[in-house]
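Morning, everyone. Today I'll walk through pockets and aromatic rings in one structure. Please have a look at it first.

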Amino acid sequence: MVINPSEKAVNINQIKLGGLSTSDYTLIINGQQTNISSNVYLRGKDSLYILINAQLKKKDLTTPFLISDSILFYTGKGEQKIYLTAWGRDAVYYQGDTIKGNVTWDSTRVRFIYKTVFVAAGSTLTIEKGTEIKATKGNGLKVAGMLIVRGDSNAMVKFAGPRLDSYFNDIPGQWKGITILPGSKNNQIDWCEIKNAETGISAGNEEESADKTELKVTNTILKNHSRSGLMAYHTDLTMWNCLVTNFAATGLELNLGGKYLLFNNTIYNDSRVFSRKGPLISIDNIKEGISSSFNTEGEIKNNIIWGTETDEVISTGDKIKDLNIEFKRNIVKSSDTFFTSDTANYANIDPLFKDAGKSIFELKENSPSINKGLTIPFFNTDLYGRVRTEPYDLGAFEFYKP
């Protein structure tokens, strides 16, 4: 906005974009699309708008780049200047593409999904470490074939919404999420951050005839979702060293049978800060009041399941004690006698995070989570990639003294 603070009118001899036609910017000056405007008359106490558009050209660079220019104002008092700066990244854009065969996305370009990308049956999409994927409202990744995400502790794969400005860093519901279709096998998501979606990951569906889905999620952060962190229907789900936080419905929805192996995850939500309607974990083997014919089984061990609701693990079908799931060495917020009278778990004991309000879920030095876990033979590091010592601490983060 250009404001004339004086009571007297002023004539701006010229307003122009410094780079004119060579610039990555274009201007709309006082409602007119032009990069140069002369003799702009501005009455006393009046103002005009200049709208600025940045259309960044492809640079063939693998790192972010800065685009600079300026808007120049010439009056009888000389030149005044407003600087323009914008960060950009080269990107590959997808408009409803179908992936066939074996395809790899690497970190040399941002992957920008305008319309949902579909991985066809019999095909594999592999996403390499450090890759950034952005998706627009209502769009995301849908997998009938196989998805392999392989980040590492120093370069996670990152899924998020389309906006780069800091205001949108933690706004949920900006994109659809990752959908793994029924019958899809051997999906693996490792060292990945999935944030600001409707539901971070959805696997399987509600159909009784659906084939079982297979999904392994490890060393992954699921946060800021307008529904749930992860929803699974009739799925064999393995999940360890994951952080699930800030969601409006449920952290993990485990529905209509399946085998669920959950080890050393931190599942947390403060309903006073991030309002929600469900528990941290729901296990539901009922559809429309009728029990599913699928079996529910699994192991849930070494997890921190902590929030502000009275009962953070709920089954709307069988009682928790009747589920064919072994709960062991978990900190659980619950009034269910299965947990409160069970010495194999730790009911209603504050895990003492460093600062949950700031999403810092490392453990304080006096945390009751330290050295309370079982040793899980197939992994020995935490979500930071630090070596776990025996006995394991609970949750996704092993305690280390500063």
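Start with the lining of the largest pocket: its residues divide into 13 nonpolar, two polar and eight charged. Here Ala, Val, Leu, Ile, Met, Phe, Trp, Tyr, Cys and Pro count as nonpolar, Asp, Glu, Lys and Arg as charged, and the others, Gly among them, as polar.

A word on the source. This is a predicted model, where local features need pLDDT of at least 70 and side-chain atom pairs count only at pLDDT 80 or more, while totals for chains, interfaces and linings use all residues. Residues are numbered from 1 along each chain as its sequence is written, and side-chain values use heavy atoms, leaving out hydrogens and water.

Back to the pocket. A pocket is an open set of points on a 1 Å grid over the protein atoms alone, where a 1.4 Å probe fits, with protein on both sides within 12 Å along at least five of seven lines; lining residues have an atom within 4 Å of a point. The largest pocket has 23 lining residues, and L56, W87, G88, R89 and L164 lie nearest its centre.

Next, the second largest pocket. Its lining has 19 residues, and V2, I3, I12, T75 and Q80 are the closest to its centre. That lining divides into twelve nonpolar, six polar and one charged.

Now the rings. How many aromatic pairs does a search of the whole structure find? It finds 18. Rings of Phe, Tyr and Trp (its six-membered ring) pair if their centres lie within 6.5 Å; planes under 30 degrees apart are stacked, over 60 edge-to-face, and the rest tilted.

Take Y93 and Y114. Their ring centres are 5.9 Å apart and their planes are at 25°, so this pair is stacked. Y93 is partly exposed, at 47% relative accessible area. Y114 is partly exposed too, at 38%. The cut-offs: buried means under 20% relative accessible area, exposed over 50%, and partly exposed in between (1.4 Å probe, protein chains only).

Compare F378 and F379. This pair is tilted, with 5.9 Å centre to centre and 55° between the planes. F378 is partly exposed at 45%, whereas F379 is buried at 6%. Both belong to a cluster that ring pairs link, along with W240, F263 and Y392.

Last, charges over rings. That label needs NZ of Lys or CZ of Arg within 6 Å of the ring centre and within 35 degrees of the ring normal. K333 has its charged end over the ring of W306, 5.3 Å from the centre. R388 lies over the face of Y392, at 5.6 Å from the ring centre.
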